[in-house]
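Visitor: Shall we go through this one together? I'll ask, you answer.

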Amino acid sequence: LEMMVRTLEAAGCSFQKFGQWLSMRPDLFPPDVIEALSKLRNDAPEHPYEHTRRSIHESFGKEIEDIFEYFSDKPVASGTIAQVYRAKLRPEYEMEGGVRDVAVKVRHPHVVQESYVDTTLLFEALDFIGAVLLRTSQPFDKHAFNLALQKQVDLKWEAYNLQLFASNFYGEVDIKFPQVSAGLVSDSVMIESWINGKVVQDIFTELENNFVAVERKAGEAVQAFSKEVTQQKVRLAKIVFDMNMKMFLRDNYVHGDLHGGNLMAAEDGSLAVFDAGLTCRLADDIAAPFGYFLQALCTGNTERVVEKLIQFNDAPTEKVDLGKFRDEMHVIVTKYAVKGTMRSPDDRPINMGEMVGHMLQVMQKHNLRLRGDIAVTVMTMAISESLIRQLDPDFDLVRSALPYFVRFRSWNKAQTDLNGENWNEERAAANAGLPMGADYAAKKARQVTTMH
């Protein structure tokens with residue numbers, strides 16, 4: 001396993017990113033593989049300090065000492081695209097609100113070149129792994145997907161995304177994004193406000209280690225600690241889910257790389273979100289149909305699922321046996337969802353990730369191919385669902401999503417095919433804690449500084 005991780009690190013940033021995604025799929029791999037791959041999230045190889053000095057000088061025409069009062073010579077974290085240093089700005093470079101304590105993100109050398117070369121090799125590896133090892137597939141427009149991966153290496157783009165997310169979630173109590181220095185940003189260097197807290201993947205590793213330590217004590221202590229761990233995980237799962245639904249359904253602008261290494265439990269109790277270089281957004285002509293696709297999945301409506309998958313396909317369909325395709329999709333949908341109940345056949349929450357994974361296999365079998373923006377969105381949803389289920393295995397994503405569809409997509413009882421007795425309760429919950437229309441419209445009118 002150690003050799004596997006080292007090989008992915010040596011293969012380049014695209015392969016490292018692939019390893020990160022795999023580390024978020026405990027449904028596909030055993031725990032020891034997941035643990036090994038998780039090292040890629042914040043434990044990627046570091047580049048020399050001399051490269052950092054050179055990048056800052058080339059970006060801003062100044063030495064580190066001219067801009068910063070303090071600058072650590074050791075990075076606090078290193079990811080697939082860049083590494084991060086802790087620093088303090090000189091007073092003349094402070095950010096809005098007098099912010100001077102900052103994190104400085106510096107892109108690794110050769111990342112740009114690797115991102116354009118690695119992806120071709122990566123897709124070949126994906127095809128082999130999917131066909132031989134995982135029996136899954138990637139039936140999507142690889143060129144469009146490629147562009148999304150390559151865009152994240154530009155730190156100006158990430159800075160813009162952080163500003164946009166901060167605007168979209170302005171006024172939120174539980175979610176925050178770091179402030180970005182608009183005057184000190186380049187394609188290879190970005191400066192953002194420092195946030196104190198613990199990375200989500202680290203805090204739970206620490207808690208679980210502590211749990212092992214107290215196991216030998218009285219049963220009461222063990223139960224109390226177990227309850228603390230569970231409560232923290234359940235709360236974080238709700239926050240991540242709330243953020244995701246608002247990104248998908250309200251903003252149509254989604255963070256595409258939400259794993260435990262990019263989230264921090266901040267000291268003020270909020271969830272801080274970082275590394276926004278990879279994002280996804282559906283084209284205006286497909287956003288509403290994709291919402292109805294999700295609705296069809298939730299309600300077990302095979303006909304609507306097939307209709308939308310054909311709409312999302314960008315490959316020729318003349319030789320596709322649509323009848324057989326529909327029959328195979330019906331088998332998959334009924335395996336995971338009972339029509340009209342928003343539950344699985346064993347009366348548990350619907351596992352959307354597994355269901356969609358099986359659908360992708362059938363699409364490839366019939367030579368159908370998802371358009372690029374849909375493919376990136378589906379991948380993002382799978383990563384997000386995996387994170388939420390890791391935090392709270394019993395979280396019911398489908399039923400929890402209903403109020404958001406009601407609020408942001410104007411669903412009603414007839415549209416959902418929901419015939420359960422709890423409809424009134426769920427309908428009332430639509431406005432509980434969600435932004436109201438007027439407030440949201442006013443917030444969206446705020447200007448986002450464009451730095452790209």
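## Strands and helices

Visitor: Which residue in strand 7 is the bridge partner of V180?

Guide: In strand 7, V180 is partnered by E192. Strands here are DSSP runs of E, at least two residues, and helices are runs of H or I, at least four residues, both numbered from the N terminus. This is a predicted model, where local features need pLDDT of at least 70 and side-chain atom pairs count only at pLDDT 80 or more, while totals for chains, interfaces and linings use all residues. Residues are numbered from 1 along each chain as its sequence is written, and side-chain values use heavy atoms, with hydrogens and water left out.

Visitor: How many bridges join strand 6 to strand 7?

Guide: Two, and strand 6 (residues 180–185) runs antiparallel to strand 7. At least two DSSP bridges are needed for two strands to count as paired. Strands 6 and 7 form a hairpin, with three residues between them.

Visitor: And how many bridges link strand 4 with strand 7?

Guide: Five bridges, in the antiparallel sense, with strand 4 spanning residues 101–107. K105 faces M190 in strand 7.

Visitor: Why is strand 7 largely enclosed?

Guide: Five of the five residues of strand 7 (residues 189–193) are buried, so the rest of the structure largely encloses it. Buried means under 20% relative accessible area, exposed over 50%, and partly exposed in between, using a 1.4 Å probe and protein chains only.

Visitor: Take me across it. Does strand 5 run parallel or antiparallel to strand 11?

Guide: Parallel, with two bridges joining strand 5 to strand 11 (residues 271–273). K176 has A272 in strand 11 as its bridge partner.

Visitor: What about strand 10 and strand 11?

Guide: Antiparallel, over three bridges. A265 is partnered by L271 in strand 11. Strands 10 and 11 make a hairpin with four residues between them, and G269 in the turn has a positive phi of about 95°.

Visitor: Which residue in strand 10 partners K198?

Guide: K198 has A265 as its bridge partner there. Strand 8 pairs with strand 10 (residues 263–266) in the antiparallel sense, over three bridges.

Visitor: Now helices. At what angle do helix 12 and helix 13 pack?

Guide: About 145°, with the axes of helix 12 (residues 284–299) and helix 13 (residues 302–312) 8 Å apart. Axes are lines fitted to C-alpha atoms over the stretch in contact, and angles run from 0 to 180 degrees between N-to-C directions.

Visitor: Which residues make the contact?

Guide: Among them are F290, F293 and L297 of helix 12, and V305, L309 and F312 of helix 13. Contact means heavy atoms within 4.5 Å.

Visitor: How long is helix 16?

Guide: Helix 16 (residues 372–391) has 20 residues and spans 29 Å from first C-alpha to last, close to the expected 28 Å. The expected span is 1.5 Å times one less than the number of residues. Helix 16 is mostly covered, with 17 of its 20 residues buried.

Visitor: Last one. Is N244 buried or exposed?

Guide: N244 counts as buried, at 3% relative accessibility. N244 sits in helix 11 (residues 219–251). Leaving aside residues up to four places away in sequence, N244 touches L258 and S384.
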